[in-house]
Amino acid sequence: MKMSVLYYTRTGHSRQMAEQIVRGMVEQPGVEARAFSIDQVDEDFVRDSRCVILGTPTYFASTAAEVKTWLDTSAKKLGLAGKLGGAFATEDYLHGGGDLAIQSILVHMMVLGMLVYSGGGSFGPPVIHLGPAALGGHEAEYEELFRLYGSRMASKALELFSQS
Ligand SMILES: Cc1cc2nc3c(=O)[nH]c(=O)nc-3n(C[C@H](O)[C@H](O)[C@H](O)COP(=O)(O)O)c2cc1C
């Protein structure tokens, strides 16, 4: 089953975390996962993906404008409706608004008709509330959380879509 992790990055933190999510996804049997910058998306691969995750740096306690523009203008052609969606963020400050950036993406995904999921508390600790957020400059401390998130999202997608 194909799965995609899309991201925008200016200084590389969000790409690094996207790669950890991919690492977690491919731990699940039969999953082929790839990460793409939003300006270099393999559209066929994303269209074939059952799970699509989108990540952003936090800018002024929200998504980067580039991500909002991409959602407004490019996402629709990828046929995201009905796919499992999730979101992540990177930020410089613990209360810098990463959750708000994630929430904004999840709301957009719902409007597009995606099924949104984070795992929440269903797997026990670590509880991932809306999606994972990492502090820029501390990536190594967050690698395990992002890998776990990828594995949990992939497992839910397999549960939902393996029969179809
Ligand atoms: C224009 C701008 C606004 C930012 N606003 C915030 C913010 O509101 N809260 C925060 O915690 N970090 C903020 N940051 C820091 C970035 O979110 C953080 O460095 C992020 O990890 C960068 O991601 P990237 O390396 O993928 O580009 C801001 C950075 C820039 C350039």
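Predicted model: local features only at pLDDT ≥ 70, side-chain atom pairs only at ≥ 80, totals over all residues.
How many residues surround the ligand, and which are the closest? Select the ligand and its shell: 16 residues surround it, the closest being T9, R10, T11, S14 and T58.

Residues are numbered from 1 along each chain as its sequence is written, and side-chain values use heavy atoms, with hydrogens and water left out.

**Stop 1: the ligand**

Show polar contacts, meaning pairs of N or O atoms within 3.5 Å; within protein, one atom must be able to donate a hydrogen and the other to accept it, and residues adjacent in sequence count only if both atoms are side-chain atoms. T11 places a polar side-chain atom 2.4 Å from a ligand oxygen. H13 uses a backbone N or O atom, 2.8 Å from an oxygen of the ligand. Taken alone the ligand exposes 650 Å², and the protein buries 81% of that. These areas come from the Shrake-Rupley method with a 1.4 Å probe.

Now colour by element. Helices (H or I, at least four residues) and strands (E, at least two) are DSSP runs, numbered from the N terminus. α1 (13-25), β3 and β5 (84-91) each supply at least two shell residues. β3 gives the most, with three.

**Stop 2: helix α3**

Select residues 65-73. The buried residues of α3 are V67, W70 and L71. They cover an arc of only 95° around the axis, so they sit on the same side of α3; the arc is taken from the directions from the helix axis to the C-beta atoms. A65 and T73, on the other side, are exposed. Buried means under 20% relative accessible area, exposed over 50%, and partly exposed in between (1.4 Å probe, protein chains only). The cover over the buried residues includes β1 (2-7), β3 (51-59), β4 (62-63) and α4 (98-112).

**Stop 3**

Go to R23 in helix α1. R23 is partly exposed because its relative accessibility is 43%. Its side chain makes a polar contact of 2.6 Å with that of Q20. The C-alpha atoms of R23 and R147 are separated by 6.0 Å, though 124 residues apart along the chain.

Finish at S151, in helix α5 (residues 139-161). At 11% relative accessibility, S151 counts as buried. S151 touches G24, M25, E27 and Q28 (heavy atoms within 4.5 Å), leaving aside residues up to four places away in sequence.

How values were computed. Near = heavy atom within 4 Å.
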